[in-house]
Amino acid sequence: PRATPIPSDTTTPTPAPAVGPPGSSALGVHGTNGRGVGESLQPLQPLQPLIDRQHRTIDYLRVSVTDRCNYRCTYCLPEEGVIHAERADILTFEEIARLVACFTRLGVRRVRLTGGEPTVRRDLPTLVALLRRNPQVQDLALSTNAHLLAGLASPLRRAGVDRLHISLDTLDSERFRQITRGGDLSRGLAG
């Protein structure tokens, strides 16, 4: 079901939130003073929460940080591969943080980073730290195949990941290699 916001009782447009420099409020609005120098304006007020057609409040957001993956699972990607999005079409970390800030104004409190495989996104802990600066994000999770997790688990935790969802299709290494078209189960288990 598609989530739709409850109409606000105000007709005045509200500026979109922006993420400011380190130490600023992740929910503050930043504009220019006419000379191109940023100035912090008043904090944004929360909007009405997102409610679905069954009248459930939506407080959970999944954000795909990449369309790439280090596996080619039979149920997910064709053997010949896919055409990936151009780098210019992928949201920057700042754009993702701004998008999350928009949704937290609508009541989202739980965020899960997904992909593709999110751990193949360069500097992922930087994004996590940026999202963690948003005080409205109460739970920050990551879905992963764990292939790169052995080297990223500590940096991701330090940056602010609360929980991991690790997806392993089987614990039989030969079957795992077949399903993932060459994946190494021991790498996933090491993560």
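**View A. Lining of the second largest pocket.** The residues that line the second largest pocket divide into six charged, three nonpolar and one polar, where Asp, Glu, Lys and Arg count as charged, Ala, Val, Leu, Ile, Met, Phe, Trp, Tyr, Cys and Pro as nonpolar, and the others, Gly among them, as polar. The model is predicted, so that local features need pLDDT of at least 70 and side-chain atom pairs count only at pLDDT 80 or more, while totals for chains, interfaces and linings use all residues. Residues are numbered from 1 along each chain as its sequence is written, and side-chain values use heavy atoms, with hydrogens and water left out. This lining is made up of Thr-66, Asp-67, Arg-68, Ala-85, Glu-86, Arg-87, Ile-90, Val-120, Arg-121 and Arg-122, and the pocket has a volume of about 270 Å³. A pocket is an open set of points on a 1 Å grid over the protein atoms alone, where a 1.4 Å probe fits, with protein on both sides within 12 Å along at least five of seven lines, and its lining residues have an atom within 4 Å of a point; the volume is the space filled by probe spheres set on the points, which are joined across faces, edges and corners.

**View B. The largest pocket.** About 440 Å³ of space lies in the largest pocket. Of its 22 lining residues, Cys-69, Tyr-75, Gly-116, Glu-117 and Ser-167 lie nearest the centre. Two or more lining residues come from each of β7, β8 and α4 (173–180), the helices (H or I, at least four residues) and strands (E, at least two) being DSSP runs numbered from the N terminus. By class, the lining has nine polar, eight nonpolar and five charged residues.

**View C. Cys-69 and Cys-73.** The sulfur of Cys-73 lies 6.0 Å from the closest cysteine sulfur, that of Cys-69, and is therefore too far away for a bond, a disulfide being a pair of cysteine sulfur atoms within 2.5 Å. Cys-73 is buried at 9% relative accessible area, whereas Cys-69, at 22% relative accessibility, is partly exposed; buried means under 20%, exposed over 50%, and partly exposed in between (1.4 Å probe, protein chains only).

**View D. Val-100 in the largest nonpolar core.** Val-100 is among the residues that touch the most other members of this 24-residue core, together with Val-63, Val-111, Leu-113, Leu-127, Leu-131 and Leu-156. Such a core is a set of buried Ala, Val, Leu, Ile, Met, Phe, Trp, Tyr and Cys residues joined through side-chain atoms within 4.5 Å. With neighbours within four places in sequence left aside, Val-100 is in contact with Leu-61, Val-63, Val-111, Leu-131, Asn-134 and Val-137, contact meaning heavy atoms within 4.5 Å.
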